[in-house]
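Here's a quick briefing to read alongside the model. Have the structure open and follow along.

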Amino acid sequence: MKTIKFFSMMIIALVISMGTYANTNVAPGTTKTEKIKVAGKCGSCKTRIEKAAMVTGVSKATWDEKTQYLTVTYASDKVTSLDIQKKIAAVGHDTEKVKATTKEYDGLPGCCKYDRAK
């Protein structure tokens, strides 16, 4: 019984120390959270947009279907907002600064065809 308690405490201590290390591993001022307008329509779009946004340096990407905004948290010393938007446009979704090519847009499933700005 003492062995189980000991190992349980060790695991808890390890998890806590890993979380603390992860938070202190980022240099102050390099993490940025930004909202980016991204065109899309459905749950498939959400999955595709969030996956495309998860490039090196991005820690979190969440797209809201109603507002059409992607909230992205990233290390600004590793990636830029424009880099992220290029990756999203490459999978067929227009962003504030980067428009997907016609070929990329046409490759989207029918349920994902959003109205494109002229």
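**Salt bridges and the sheet**

Arginine 116 and aspartate 94 join their side chains in a salt bridge, at 2.8 Å from N to O. Arginine 116 sits in the segment after α4 (102–106) and aspartate 94 in the loop between α3 and α4, so this pair ties together parts that are 22 residues apart in sequence. Keep in mind that this is a predicted model.

**More on the salt bridges**

- How many salt bridges are there by this rule? The count comes to two.
- Back to the pair above: arginine 116 has a relative accessible area of 22%, so it goes down as partly exposed.
- Another salt bridge links the side chains of lysine 46 and glutamate 50, at 2.7 Å from N to O.
- Both lysine 46 and glutamate 50 belong to helix α2, where they lie four residues apart, or about one turn of the helix.
- Is lysine 46 buried or partly exposed? With 29% relative accessibility, lysine 46 is partly exposed.
- Glutamate 50 comes in at 18% relative accessibility, so it counts as buried.

**The sheet**

- In what order do the three strands of the open sheet run? They go β1-β3-β2, and the pairing is antiparallel.
- β1 (31–37) and β2 (58–64) are the edge strands, and because each has a single partner strand, one side of each is left without a neighbour in the sheet.
- From one strand to the next, the twist averages 15°.
- Six bridges hold the antiparallel pairing between β2 and strand β3 (residues 69–75).
- If you want a spot to look at, aspartate 64 stands opposite tyrosine 69 in β3.

**Helices on the sheet**

- Helix α2 (residues 43–53) packs on the sheet and touches β2 and β3.
- The direction of α2 makes about 160° with that of β2.
- Which strands does helix α3 (residues 81–89) touch as it packs on the sheet? The answer is β1, β2 and β3.
- The direction of α3 makes about 130° with that of β3.

**Tying it together**

Key:
Residues are numbered from 1 along each chain as its sequence is written. This is a predicted model: local features need pLDDT of at least 70, side-chain atom pairs count only at pLDDT 80 or more; totals for chains, interfaces and linings use all residues. Side-chain values use heavy atoms; hydrogens and water are left out. Two strands pair if DSSP finds at least two bridges between them. Helices (H or I, at least four residues) and strands (E, at least two) are DSSP runs, numbered from the N terminus. Axes are lines fitted to C-alpha atoms, for helices over the stretch in contact, and angles run from 0 to 180 degrees between N-to-C directions. Contact means heavy atoms within 4.5 Å. A salt bridge is a side-chain nitrogen of Lys or Arg within 4 Å of a carboxyl oxygen of Asp or Glu. Buried means under 20% relative accessible area, exposed over 50%, partly exposed in between (1.4 Å probe, protein chains only).
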